[in-house]
Amino acid sequence: MYKLLLSWRYLRTRFIALASIISVTLGVATLIVVNSVMSGFVCEMKSRLHGILSDVEVAAPLLGQIHNPEYHTRIIRDVLGDDIESMTCVVRNPALLTFEVNGRQWTQQVMLLGIDDESFGAVTDFHPYLQNTHKRDQFSFDLENQGYPDWAAANGESWNGESGWDYRRRKVQKIKNAEARRLEQEKLYDLAAAEYLERQAAHSRAWEAHHANGGANAQHEASITSEQPIAASQATFIGPDEPNRSSVEKNMSESGFQYVPLPEKAPDFAAIHAKQPEKANEEKPSALKLAPTHYSQNGGNLRELRKFSPVDTHAKFREEPNFEDFFDPEKDQYTGIILGLAIAKRKTIGEDGELKDFYMVRPGDDVQIMFPTVGGAAKPISENCTLVDFYSSSMHEYDSSFAFVPLKELQKIRGMVDPLTGDASVSTIQIKLKEGANLDEARDKLLAQFPPETYPYDIHTWQDTQRPLLSAVNMELTILNLLLFMIIAVAGFGILATFFMIVVEKTKDIGVLKALGAPSSGVMSIFLGYGMALGLVGTSAGVILGLVFVRYINQIAGVVQMITGQEVFDPTIYYFSEIPTIVSPMMVLMVGLGAISIAVMASVLPALRAARLHPVEALRYE
Amino acid sequence: MSRSTAVKPATLPLSKSDGGKAPLKLATQTLMSANNIHKSYRKGTLEVPVLKGVDLEIAEGSFTAIVGQSGSGKSTLLHLLATLDAPDQGEVHFQDRRIDNLPSRQREAIRNQEFGLIFQFYHLLPELSTLENVLVPKMVQDGFFSYLRNKRAYKKRATELIEMVGLGHRMTHRPSEMSGGEMQRTAIARALISEPSIILADEPTGNLDEQNGDEVLDTLNSLRNQENLTVVMVTHDASLAQSADKTIKLVDGRVV
């Protein structure tokens with residue numbers, strides 16, 4: 001009883017002990033906060049890292065292939081048995097993605113994945129990351145009418161934020177209108193040019209008649225007269241194949257004569273000038289070709305034959321010779337492609353000076369992908385695709401590099417389909433294991449089944465892929481815990497020092513207690529109890545402080561940001577809108593027990609010293 | 001502990017019948033004795049002998065004064081009698097039992113229940129109130145739960161004792177709020193809480209002025225008469241020793 005009473009009284013009357021309590025409190029609170037934030041962060045990061053990666057992967061080397069995937073999946077099913085949740089086959093190869101941003105070409109490297117509509121979603125968390133709400137429920141590579149988020153883009157176009165078929169039609173319409181205007185201008189140009197040529201021809205005829213008797217000299221002289229440059233300019237503008245171009249004129253244009261326009265012709269030439277870049281433009285391949293006004297016999301037939309949805313057009317009739325004529329971008333789409341959001345998204349500064357998202361392409365736009373065929377002598381293939389959706393897994397590494405197309409299309413285009421048997425090869429088999437299955441064990445089993453000596457496959461888990469990052473984070477967590485426990489250990493040494501002081505101060509009291517018959521163990525337990533009380537109070541305060549801190553961490557971050565002006569947690573860097581936290585009761589318990597035991601351990605030495613005091617010596621002590 | 005509670009139930013109030021019987025035993029029984037006690041202290045490599053063969057007998061119910069100059073070894077002798085220290089040579093007997101070589105557990109139990117110790121510097125615990133200070137021996141004696149069970153009876157007895165020493169109005173005061181005389185009277189109450197058979201007092205008035213010292217001595221004397229106590233008091237004040245039944249004079253470590 002006296003032990004409890006005295007421990008309690010010492011706790012209440014020694015303010016020096018408060019210092020030890022505060023250091024224990026701070027240590028415990030810091031440990032809890034750091035652990036909660038770190039485990040929240042790690043958990044969030046792991047789920048993002050895992051996101052569109054499968055648990056285990058059997059992958060052929062780059063540009064290689066796994067022949068007869070059915071055989072392989074059967075073997076894998078035999079090897080792993082009940083551990084398998086689902087499996088899917090994927091074709092994966094690097095590709096170049098090209099699209100047009102306001103007339104400029106933008107090219108970047110992507111990792112192109114041909115995925116199976118149904119099974120891929122079962123193996124990875126792909127669907128929830130899609131931006132189109134319809135596609136999340138019912139996945140397809142079709143361009144949708146609705147369901148796209150309203151991307152508030154600063155494209156400076158009237159259909160801001162729109163995506164899907166409406167956007168595509170409007171865009172095509174705009175291009176058509178521009179083309180029509182161009183044609184009209186060209187027609188005007190043709191008329192003007194024809195008129196000019198006619199006049200010039202008449203002029204030449206008159207000139208020739210006038211100098212009919214002149215020799216070669218006279219002709220040469222005449223070339224310097226004011227009328228001659230007309231012919232030179234004609235050569236420039238009408239082109240070298242013009243039939244009425246003479247050798248003299250050619251000579252003149254090559255000898256560097258300046259063009260002096262005829263006064264009455266000036267407006268026409270300005271129009272011609274204006275045409276010039278657009279003419280060049282026409283030569284460039286454009287994803288959206290103008291639909292021709294009349295169809296060839298073949299294309300017409302195709303149109304008659306078409307009984308498929310607009311989406312199928314590209315796949316079915318790609319090989320047809322007049323496909324481009326027949327393809328109507330207002331109604332048809334190319335093979336669908338899904339890009340990572342970070343591929344298209346760029347930051348821009350809006351009119352009000354705020355940072356805004358700018359989308360270089362949007363669902364409804366056409367893009368081109370270029371990639372090699374399979375096999376040793378790989379050839380590049382270029383293919384049109386229609387962007388049908390974005391995905392955003394919030395992992396920049398994935399969002400800025402992965403592009404998804406239908407598996408069957410990619411197999412066909414890359415020449416992975418055996419022309420005789422019709423069997424298609426793949427490049428990767430992705431496996432999702434059941435909850436709680438050991439990934440490393442599964443990988444090792446597969447390695448034993450497909451030894452690298454025989455099979456040129458790379459077999460790895462998603463953790464292997466992200467091994468450096470994961471182990472770095474783990475090490476960070478370990479080191480951090482170690483360091484923070486050092487803080488509590490420092491608090492422990494504080495308790496040790498304080499207690500030695502208190503024991504010295506209480507020597508006489510210890511003597512009295514012993515004289516009154518208190519055993520050494522009782523005296524010792526006063527101080528052990530005191531240390532434990534300090535640990536308990538400090539730990540409880542620390543646990544409460546830490547939990548409150550974790551609970552309101554985002555608000556606290558906001559306040560700190562307000563005071564310092566420095567952003568504590570930048571969502572654009574971490575891709576989390578809030579600081580993620582996970583409070584594990586086990587962790588709190590371990591930290592609490594650790595802190596209390598450190599406090600008790602620190603009080604053992606002073607307590608032993610107190611217990612060993614000789615009562616006579618202690619009573620004599622002044 | 002069980003032995004002592006059988007002999008002297010803690011709840012037993014101070015009874016007059018005990019007081020009646022005691023004078024009969026007084027003349028006949030020796031409560032405590034010491035035979036040929038030697039004790040020396042070590043100062044560095046030098047051994048300083050303090051007691052050089054002390055013999056004494058303390059009769060039950062007597063008031064014995066041990067007097068001597070400073071350094072004559074009288075405090076050391078008291079410590080040896082109280083089993084706070086062990087003699088180098090010789091024996092201490094209490095109630096016909098040798099106690100100086102008992103295991104520490106038993107010595108602690110004897111100190112706690114049979115001896116009432118009073119010191120020159122009172123040695124109260126500064127964190128505790130008067131009442132709590134008086135209760136400390138009981139807290140030491142009992143475990144946590146038995147103390148809680150008996151708490152009411154202990155408190156009653158402690159209150160009685162505190163009122164007896166005249167400190168009823170000082171029940172909840174801390175030692176720092178009391179005068180030296182009051183503190184010493186608190187220490188006397190503490191020494192009596194366990195109903196000891198013997199009071200061992202080490203210069204109880206040494207630190208007090210004459211008036212306070214007399215008050216303390218009066219208190220002690222009246223209690224001795226009331227409770228039939230055996231008292232051994234160490235003092236260097238010869239006038240104090242005169243009130244004792246028996247005076248043992250120590251000179252240079254020997255009884256003269």
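**Exercise 1. Find the handedness of the crossing of H21(A) and H24(A), then describe how these helices pack.**

Step 1. Helices here are DSSP runs of H or I with at least four residues, strands are runs of E with at least two, and both are numbered from the N terminus.

Step 2. Nonpolar means Ala, Val, Leu, Ile, Met, Phe, Trp, Tyr, Cys and Pro; charged means Asp, Glu, Lys and Arg; the others, including Gly, are polar.

A friendly word on conventions: this is a predicted model, where local features need pLDDT of at least 70 and side-chain atom pairs count only at pLDDT 80 or more, while totals for chains, interfaces and linings use all residues. Residues are numbered from 1 along each chain as its sequence is written, and chains are lettered from A and ligands numbered from 1 in the order in which they are written.

**Exercise 2. Describe the side of chain B that touches chain A.**

Step 1. Count residues in contact (C-beta atoms, placed from the backbone, within 7 Å): chain B contributes 21 and chain A contributes 20.

Step 2. On the chain B side, H4 (104-113), H5 (130-141) and H6 (144-164) each supply at least two residues. H4(B) gives the most, with 5 residues.

Step 3. By class, this side of chain B has 12 nonpolar, 3 polar and 6 charged residues.

**Exercise 3. Locate B:Asn36 and B:Gln95 and state their phi values.**

Step 1. B:Asn36 has a positive phi of about 50° although it is not a glycine. Its place is in strand S1 (residues 30-43) of chain B.

Step 2. B:Gln95, also not a glycine, has a positive phi of about 50°, and lies in the loop between strands S4 (89-94) and S5 (97-98) of chain B.

Notes:
Left-handed = near helix turned anticlockwise from the far one by under 90°. Contact = placed C-beta atoms within 7 Å.
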